[in-house]
Structures are given as structure tokens and as C-alpha cells.
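Dear colleague,

Please find the structure handed over below, together with its sequence.

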Amino acid sequence: MSALVELRDVVKHFPVSRSLGEIVRGRHPAVRALDGVSLEIGASDAVAVVGESGCGKTTLGRLMLKLTEPSAGAITFDGTALGGLSGASLRAFRRQAQLVFQNPFDALNPRFTIYRAVAEPLLNAGIPRAEHADRVAQAFRRVHLPDLERYLDRYPHQLSGGQLQRVVLARALVLAPRFLVADEPVSMLDVSVRAGILALLREVRDDMGLTAVYISHDLALVRYLCERTVVMYLGTMVEDGPTAEIVRNPRHPYTRALVAAVPVPDADQARAPLPIAGNVPDAREPPSGCRFRDRCPHAFARCAEEAPALRETADGHRVACHLDN
Ligand code: SF4
């Protein structure tokens, strides 16, 4: 099966302002958000991208939607290079690829009514106004807000967080996209409404046959949404494989730490201590060799000298660790 979304050796560095010393030394510091990421996502696949803050997962999602440009490498959508899109071809791509924002309270213009907010993508895409009401109503039904009259004249501040996230999802779906990126879609919501939004995301994806990428720091959350999981650490992919396999048998030491951090339902059950300590290093100056080596309990001399390549293991994972290669 050919990939709908494909990344080849994608690099994204964000230049940062230079200190006097760096100017004198001729250095050009940059936050190395992504370094050499290659990934294929098949049509109708649901892929989780997980990792701590600063691992590059949000940048990866924005690159796939052409909301930012790579510093190097290539990204294609349905065989077409995103780098070459502009004008009509870019508008056509925007109709097919949508983002669900992390914070529904910031995602909508506070001066727009809910109807106007959901209809806005139709307007931008040049859909005739005569079709807007029907398409907005259809999007509202998809997200289980069928009582359109109750919402259409309201403003975002008049809705609860859960209702707002349904509106944000309706806005993302109103153009019937093929590809959806959801960036921490429930992290800003009360625990009481998270399960409902997650179930809705799953239902929508199944019903519409969407290709979906869910970005999260929480492996527990995405394991019910995605058949495949990609684990990121400091701008690189460290493990990729079937979610059930990754949860049952994590191969990379960092993935093992993420799995160990998944909450257990029984509060009295003893939990093993997290197998790593410390924080993610500065992305302007990542460690040599394996970027995880400062926190890895298994690091050895080779880890400081050579970056491990992502290689396929016998059980179908791709793992970037010298212990597995
Ligand atoms: Fe740990 Fe070395 Fe494997 Fe990196 S390559 S995860 S430092 S053992």
C-alpha cells in the first residue's frame, strides 16, 4: 500500500538570536526541533506521535500540514511534494488536511459566532454560500451537536470546554478532509469530558476513513486511538511499531520509561520507579551520538560516539538503539 503522507530525512531547525560571543565566533545557534525524520503513513492509518515536551512532535505535525517549512528533506501528500504547492494547489491541499488544536479556548475567534467559526473554512475554500448551512449542520451531527439552533448564534465563551472541542472538531471536518492531525486534543479539557472526546475522535476517524495523526505526551491516551505509535526524543524517532506491541514489549529504553509512566487503574498497586531521571537536554546543543545517552541507564562508550540508526527488529518494531543493532 502506498503512503498518503511521506517524510524523507526531514530536518527543522529554528534559528535563535545570537549572543555577542556567538557573533564573534561566527556561530549560528538554532533549536534543532527535528533531525532526519523519515516516516510513511498509509491511507486510513491512525498513528500516535508521543514524547515529552520539546521532542519535536508538534513541529512534525505542523510540517505534515505545511504550516511550517522544513529546513531540509522532503514531505509528500498523496505523491505530491508539499514544497511545490502554492496558490490553487495549496488551497486544494488545505481542504484535504486539517488540524485539531490543543486548546479549544484559543482555537476559535472570540468575535465569531459558532456558526461563522465552523462555516469559515467553507468560505475560504470557495464553497458556494448556499451549501454552507447544510454542511455545517452535517459537521455538527458528526460531532454529536445536532441541536444546531442551540449553538449557532452563541459565542465561544458561552460554551463549555467539551462543547468547544466538539465545535473545533466540526470546523476541522466541515470540508470532509482525508487527513487530520490532532495536537494534544484533550490535554486542556476536564478529565470528565476527555473520554467522550476520545471516543468521538475514534468514531469520526472510523466513519470517515480518515488518515489521522494524534500527537500526545501521554501513551496511555493514544493507545486506544491508534494502531501504530511513533516515539520521539529530542528531535529524532527512537521507536516505531504497532501500539499494542510497543506497550507490551517496548524495546527502546526511553519507550520503556514512557510505558512505565502509564498510570495503573489500581491506586494501591505498587509501581516500579521510572527508569530514567533528569530532563530533556537543550535542543540547541543535543548530546553527541545517541541523544538519549545522558538519561539512559544502559549507555556505554559507543553511545557517545555514534548516533544509532533506526533499524527494524525481528518483532516488527523500528528501534534506534545500539543495544538492538
Ligand atoms: Fe541508551 Fe545507548 Fe541505546 Fe541510546 S543507544 S538508548 S544511550 S543504550
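The lining of the second largest pocket comprises, by class, 11 nonpolar, five polar and four charged residues. This description, like all that follows, refers to a predicted model. The second largest pocket holds about 300 Å³ of space. Its lining is made up of 20 residues, and those nearest the centre of the pocket are Asp35, Thr236, Met237, Pro308 and Ala320. Two elements, β2 and β10 (236–242), each give two or more residues to this lining. Strand β2 gives the most, with four residues.

Strand β2 also belongs to a sheet. Four strands, in the order β2-β1-β4-β5, form an open sheet with antiparallel pairing. Because β2 (30–42) and β5 (80–81) stand at the edges with a single partner strand each, one side of each is left without a neighbour in the sheet. The partner of β2 is β1 (residues 3–15), and the two pair in the antiparallel sense over nine bridges. Within this pairing, histidine 13 stands opposite arginine 32 in β2.

Strand β10, the other element named for the second largest pocket, is part of an open sheet of eight strands. The order there is β6-β7-β8-β3-β9-β10-β12-β11, and the pairing is mixed. The edge positions are taken by β6 and β11 (311–312); each has a single partner strand, so one side of each is left without a neighbour in the sheet. Glutamate 312 stands opposite arginine 318 in β12.

Strand β6 leads on to the largest pocket. About 410 Å³ of space lies in that pocket. The elements that give two or more residues to its lining are α3 (87–96), β6 (97–100), α5 (114–124) and α8 (161–173). In total, 17 residues line the largest pocket, and Arg94, Ala97, Gln98, Pro121 and Arg171 lie nearest its centre. By class, this lining has 11 nonpolar, two polar and four charged residues.

Which residues come nearest to the ligand? They are Cys290, Cys296, Cys303, Cys321 and His322, out of 13 residues around the ligand. The shell around the ligand divides into nine nonpolar residues, three polar and one charged. The structure holds one cavity of 30 Å³ or more. About 80 Å³ of space lies in the largest cavity, and 13 residues line it, with Cys290, Cys296, Cys303, Cys321 and His322 closest to its centre. The space taken by the ligand is this largest cavity. The cavity lining divides into nine nonpolar, three polar and one charged residue.

Finally, a word on confidence. The chain averages a pLDDT of 89, and 95% of the residues score at least 70. Where in the chain is confidence lowest, and where is it highest? The lowest mean, 73, belongs to helix α1 (residues 20–25), whereas strand β4 (residues 72–77) has the highest, at 97. Strand β4 is one of the strands of the four-stranded sheet described above. Where pLDDT is low, the predicted coordinates should not be read in detail.

With kind regards

Conventions
Residues numbered from 1 in each chain as written. Predicted model: local features only at pLDDT ≥ 70, side-chain atom pairs only at ≥ 80, totals over all residues. Heavy atoms only, no water. Near = heavy atom within 4 Å. 1 Å grid on protein atoms, 1.4 Å probe; cavity = no way out; pocket = protein on both sides within 12 Å on 5 of 7 lines; lining within 4 Å. Sits in = over half its atoms within 2 Å of the grid points. Nonpolar A, V, L, I, M, F, W, Y, C, P; charged D, E, K, R; others polar. Pairing = 2+ DSSP bridges. Points joined across faces, edges and corners; volume = space filled by probe spheres on them. pLDDT = per-residue confidence, 0-100.
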